[in-house]
Amino acid sequence: MTFTRDELLGIARTHVVSRSDFPFLVHRDALGPFLALRRAAARAGIDLWPVSAFRDFDAQVRIWNEKWTGRRALLARDGRRLDAAALTPRQRVDAILAWSAAPGASRHHWGTDLDVYDRAAVPADYRPQLLVAEYVADGPFAALGRWLEAHMTDHGFYRPYRRDLGGVQPEPWHLSHFPTAREASRRLRLATLKGVIGAAPIEGRAALLRRLPTIYARYVRTVEPPPGSRRALPLTRR
Ligand SMILES: [Zn+2]
């Protein structure tokens, strides 16, 4: 398994697949394992379902630009709403990165990562907010969180944003198929990101490019290390 440049950056869709009964795009090597994880969860009464899976480069540009211009809510790390127009370019970059990846730098481009919730734990019209409070203590997805902690590794999944490591905030809903993501992570170089961002219609591009080495180190490289690979992993089933 390998990633082309355009697959890494979410520009191509040649690496992702879906199924008639599963309308989400997932990397072809991660779909089988995710559906196996979903079946195992079902046996524990959990209806494991994505909020999102693959997201392409253009979608990430749209999110970025809407936050930059204030058309989409821009939030501080503590959840406070910020006024985009009152911030310097540097502050806007920081505020966006607290909650969203820079275009090209999202693990969702790889198709190996999914945001998930438990459909069985909430009413049918419930829209997951993707807040830590939903996944801990007495939140609706706390049981899901505990179950994942105990079982996801058996199916090749882990949480790259489990703790606050100074980059991306904790995201207990974000799962990564690490045998596949590991390869993408290895291949995504600073120069690749620099090239694609430099050529894309991204608001605040100059401010983003100026600090890209730091941003790359802090938000792309700083993730939870995947579980040790000494153990044989039951992943190759398709
Ligand atoms: Zn995510």
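Predicted model: local features only at pLDDT ≥ 70, side-chain atom pairs only at ≥ 80, totals over all residues.
Let's start with Asp138, which is exposed, with a relative accessible area of 75%. By exposed I mean over 50% relative accessible area, by buried under 20%, and by partly exposed anything in between, using a 1.4 Å probe on protein chains only. Asp138 sits in the loop between α5 and α6. Helices here are DSSP runs of H or I with at least four residues, strands are E runs of at least two, and both are numbered from the N terminus.

Residues are numbered from 1 along each chain as its sequence is written, and side-chain values use heavy atoms, with hydrogens and water left out.

Staying in that loop, Ala137 is also found between α5 and α6 (142-151). Ala137 counts as exposed, at 69% relative accessibility. Its backbone is worth a look too: Ala137 has a positive phi of about 50°, although it is not a glycine. Most residues other than glycine have a negative phi. Leu130 is another such case, with a positive phi near 55°. You will find Leu130 in the loop between β6 (113-118) and α5 (132-135).

Now to the metal. Which residues coordinate the zinc ion? They are His108 through NE2, Asp115 through OD and His174 through ND1, at 2.1 to 2.2 Å. Donors are N, O and S atoms within 2.8 Å of the metal, or 3.2 Å for Na, K and Ca; water is not among the atoms, so sites may look incomplete. Along the chain, the zinc donors follow the spacing H-x6-D-x58-H. The two histidines link distant parts of the chain: His108 is in the loop between α4 (89-97) and β6, while His174 is in strand β8 (residues 174-177), 66 residues apart. Are these histidines buried or exposed? Both His108 and His174 are buried.

Four strands form an open sheet in the order β3-β6-β8-β7, with antiparallel pairing. Two strands pair if DSSP finds at least two bridges between them. At the edges stand β3 (48-52) and β7 (157-158), each with a single partner strand, so one side of each has no neighbour in the sheet.

Let me walk across it. β3 and β6 pair over four bridges, and Ser52 stands opposite Asp115 in β6, the Asp115 that coordinates zinc. Next, three bridges join β6 to β8, with Asp113 opposite Ser176 in β8. Ser176 is also the bridge partner of Tyr158, and β7 and β8 pair over two bridges.

What about burial in β6? Six of the six residues of β6 are buried, so this strand is largely enclosed by the rest of the structure. Asp113, Asp115 and Tyr117 point one way from β6, and Leu114, Val116 and Asp118 point the other way. In a regular strand the side chains alternate between the two faces of the sheet.

Away from that sheet, strand β1 (residues 16-19) and strand β2 (residues 22-27) pair in the antiparallel sense over three bridges. A hairpin joins β1 to β2 through two residues, and Val17 stands opposite Val26 in β2.

On a 1 Å grid over the protein atoms alone, a cavity is a set of points where a 1.4 Å probe fits but cannot get out, and a pocket is an open set with protein on both sides within 12 Å along at least five of seven lines; lining residues have an atom within 4 Å of a point. Grid points are joined across faces, edges and corners, and a volume is the space filled by probe spheres set on the points.

The largest pocket holds about 1,100 Å³. It is lined by 33 residues, and the closest to its centre are Arg55, Lys67, Trp99, Ser100 and Leu130.

As for cavities, the search finds two of 30 Å³ or more. The largest cavity has a volume of about 50 Å³, and the residues lining it include Trp110, Tyr161 and Tyr219.
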